[in-house]
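Please look through the sequence and the model shown here before reading on. The paragraphs that follow go through the structure part by part.

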Amino acid sequence: MAAGVDPASVWDIPAQAHAAEALRGAVARGEVGHAWAFVGPAGVGQEAAARGLAAALNCPAPRAPGEPCGRCSVCDRCRRGAFAAYTEFTPTGATHRVDDVRGTWLVTASRSTTEGSWKILRVVDADRMNEAAANAFLKGLEEPPERTVWILDVADPDELPDTILSRCRSLMFAAWAPADLDAQGLRLGLDDPADRALAVRVAAGSPAALARLADPGEVGAKGSVARSSGLAYLRAHRDIPARLRAEKGFALSAARAIDDEVKARTALVKDEGRAELADLAQSYGDELPRGIAKQIEERNARREREARTLVVQAALDDLLSWYRDCLLVGAGGDPADALHADAVDALRADARALGAAGILRAVDLVLATRAELERNLQVGLALEALLLELSTLTMAPLRAGSR
Ligand SMILES: [Zn+2]
């Protein structure tokens, strides 16, 4: 489509040609509507598509109907998600809350923007609205402001009320095939086949998840690890349950390591936020409009919370998957089906030590901690308590119920 030195089309989204063409066509025909559901696994191109739509609707000099120029300041900021009329809402915890819907989403929808004629409001993980949030949001969807387009990222349509989905035009986003992810892993520098296979398995069809795993990490001052690589981090998590059983005192150091990772990640996000603000101030001629500065500061605070949530949830998810694998192996299932198929001996040992009742108790403990961390930000303390309890569980297994 692009000729000569033209930059790549915003619609050039790997593996999502169908969705991209539907959006481009809708803009070209002037039939964009006011709400879309991007249905598919998270992180397979929804972000690029939503930002492409923002550019297509707001570019002052499109190459063709529905085809933004890709080189102007509006296109550039849309692509970076830093355009005034483009906003992304991400969950502040495990769910979207009604306070966010009323206090932020609907307010943003009704407010006029400082720049741009079309407002694009993207709800990331929209299927994680709780019921109150969904009800409040429905009211906003029923009375759409003009030239405002909602985009809902929906991994599981069953999690959203039909009343919301029926008001959206659905567009399917496809998971990447393992072979494509494998090739992408090579491009991202995952040269070791075992590393790549693990990353592809855990990424579960999502190139965004794969990129996080392939992230080489960062070395801080004096050679200390400022941020470990995604894979090193994944492997460190995967070790935790087995080491809880084998090493005395490991619970405390593991909890501390996760807490350190949380701090390193939030510090990094904070730095990125500051750099972006400075960057943006420059593109506005050193004087950032107050409304935009505030919007970006709020978004940065949100990103810090997300970074914290991501690290903790990843650690808890890993613990859960471990104990689920224990149940599978303990019940005589095929170890090849286990997510930790590479650690079958350790799984068997844990399954034996814990018994079925102990494994279920471990799962309950992890779930309770997850719920607690939704309300409480004392990550280090909560993890310490959890890991200590899990290690006691393995060393002195429950006898009742285990046969
Ligand atoms: Zn443009």
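Helices H7 and H9 cross in a right-handed way; a crossing is right-handed if the near helix is turned clockwise from the far one by less than a right angle, and left-handed if anticlockwise. Helices here are DSSP runs of H or I with at least four residues, numbered from the N terminus. This is a predicted model, in which local features need pLDDT of at least 70 and side-chain atom pairs count only at pLDDT 80 or more, while totals for chains, interfaces and linings use all residues. Residues are numbered from 1 along each chain as its sequence is written.

H7 covers residues 178-187 and H9 covers residues 207-214; their axes come within 10 Å and cross at roughly 35°. The axes are lines fitted to C-alpha atoms over the stretch in contact, with angles running from 0 to 180 degrees between N-to-C directions. On the H7 side, Leu181, Gln184 and Gly185 meet Pro207, Leu210 and Ala214 of H9, where contact requires C-beta atoms, placed from the backbone, within 7 Å. This contact has 4 nonpolar, 2 polar and no charged residues. Nonpolar covers Ala, Val, Leu, Ile, Met, Phe, Trp, Tyr, Cys and Pro; charged covers Asp, Glu, Lys and Arg; the others, Gly among them, are polar.

H9 is mostly covered, with 6 of its 8 residues buried. A residue is buried if 20 or more other C-beta atoms lie within 10 Å of its own, exposed if 12 or fewer, and partly exposed in between. The buried residues of H9 include Leu210, Leu213 and Ala214, and Ala199 touches each of these three as well as Gly185, Leu190 and Leu231, leaving aside residues up to four places away in sequence.

Ala199 is also among the residues with the most contacts inside the largest nonpolar core, which has 63 residues. Such a core is a set of buried Ala, Val, Leu, Ile, Met, Phe, Trp, Tyr and Cys residues joined through C-beta atoms within 7 Å. Helix H2 (residues 46-58) gives the most to this core, with 7 residues. Another core, of 33 residues, lies apart from it and includes Val262 and Cys326.

The domain assignment gives domain 1 as 17-172 and domain 2 as 215-395. Their C-alpha centres are 29 Å apart, and 8 residues of domain 1 are in contact with 10 residues of domain 2.

Gly291 lies in helix H12 (residues 290-330). Gly291 counts as exposed because it has 12 other C-beta atoms within 10 Å.

Definitions and conventions
Helix = DSSP H or I, 4+ residues; strand = E, 2+ residues; numbered from the N terminus. Contact = placed C-beta atoms within 7 Å. Domains from an automatic or database assignment.
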